[in-house]
Amino acid sequence: MRALAVPLVLIEVRADIGYVRAVEIGLATTRLDTRADRVGFLDADSELRDPHHWAQVNTELDSDESLDAVSGLVVHPVCEVWETLSSARFVHALSQALGHPVEKPYIQGGAGGTLARRQVFEAAVGAALAMGTLIGPTLSAAAIAQGRKVRATGRLPCGHTRRRTLAEWLASVTTYERSWRKLVELHGGEIELPWLSFLDRARYLLHHDPALLADIAENQRLRREVVETVERSGRRRGPAPDTNNAPLIAATQPKDSP
């Protein structure tokens, strides 16, 4: 195994506290001799990212003050129809049509090896704890709602554990959509516009590949079913009281980035 060229601290939390709380604990530890204004995060089941990855996302943040976070783009060399939009087939075809690497208008969280501005990341962790949401979508939603940007860049393709069965995919996407529906309710439906625009343009550019368009359509049908199930479940439970969470959410909104 190649030796790490940077200092590394491992923190063991001997309690089942959930990953968001664990991240919060990690943020509160003594900082290493590194940049204090950036935070990188990576899922435990993702491929490790080499120094080039982190240098590239750092350069992108340095070059655009309106950008809050950048991740690599998750690409599956082989996958089923439910992961079409992360398939090598889709990413390659769209990149060819665009004439440049694909960029999705949301970060891919720890799956894509994300680098974020620390203040923004800390705010997302606080809001995720308050709302019971995931960090990645919480950060993306807040940035878009505030007129800022996040992106997953195809210049840094990333491997990640694929969902081998439809049941695995449904469980994963349901967890994501439970978070995202809460964030849409908080910020408004406008936070979905960048993704809808991305999809519309992709379908237009890939009009010459009816087989791929059919797979995209099936992928979106499955996704809509998940969204409808989550929304029905939310209506049955009724609106959750937010009197306790609202002050914390407001307190964790980031100030102007430096």
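Predicted model: local features only at pLDDT ≥ 70, side-chain atom pairs only at ≥ 80, totals over all residues.
1. Within H7, the buried residues are Phe198, Leu199, Ala202 and Leu205. Seen down the axis of the helix, these buried residues fall within an arc of 135°, so they line one face of H7. The face of H7 turned away from the buried side carries the exposed residues Leu193, Arg201 and Tyr204.

2. A partner of H7 (residues 193-205) is H3, and the two helices pack at an angle of about 80° with their axes 10 Å apart. Because angles of 65 to 115 degrees count as roughly perpendicular, H3 and H7 are described as roughly perpendicular to each other. On the H3 side the residues that meet H7 are Phe90, Leu94, Ala97 and Leu98, while H7 contributes Phe198, Arg201, Ala202 and Leu205. By class, this contact has 7 nonpolar residues, no polar residues and 1 charged residue.

3. Is His76 buried or exposed? With a relative accessible area of 5%, His76 is buried, because buried means under 20%. Leaving aside residues up to four places away in sequence, His76 touches Glu83, Ser86, Ser87 and Ala88, and also His160, Thr161 and Arg162.

4. Elsewhere in the chain, Val125 lies in helix H4 (residues 118-131), and its relative accessible area of 2% makes Val125 a buried residue. The C-alpha atoms of Val125 and Glu24 are separated by 6.7 Å, although these two residues are 101 residues apart along the chain. Besides Glu24, and again not counting residues up to four places away in sequence, Val125 touches Val20, Val23, Leu27 and Ile135.

5. For the chain as a whole, there are 9 helices and 5 strands, which follow the pattern α-β-α-β-α-β-β-α-α-β-α-α-α-α when read along the sequence. Of its 258 residues, 41% count as buried. Among the contacts with a separation of 6 or more, residues 24 or more positions apart account for 80%.

Note on methods
Residues numbered from 1 in each chain as written. Heavy atoms only, no water. Buried < 20%, exposed > 50% of the residue type's maximum accessible area, 1.4 Å probe, protein only. Contact = heavy atoms within 4.5 Å. Axes fitted to C-alpha atoms, helices over the stretch in contact; angles between N-to-C directions. Helix = DSSP H or I, 4+ residues; strand = E, 2+ residues; numbered from the N terminus. Parallel < 35°, antiparallel > 145°, perpendicular 65-115°, else oblique. Nonpolar A, V, L, I, M, F, W, Y, C, P; charged D, E, K, R; others polar. Arc of directions from axis to C-beta.
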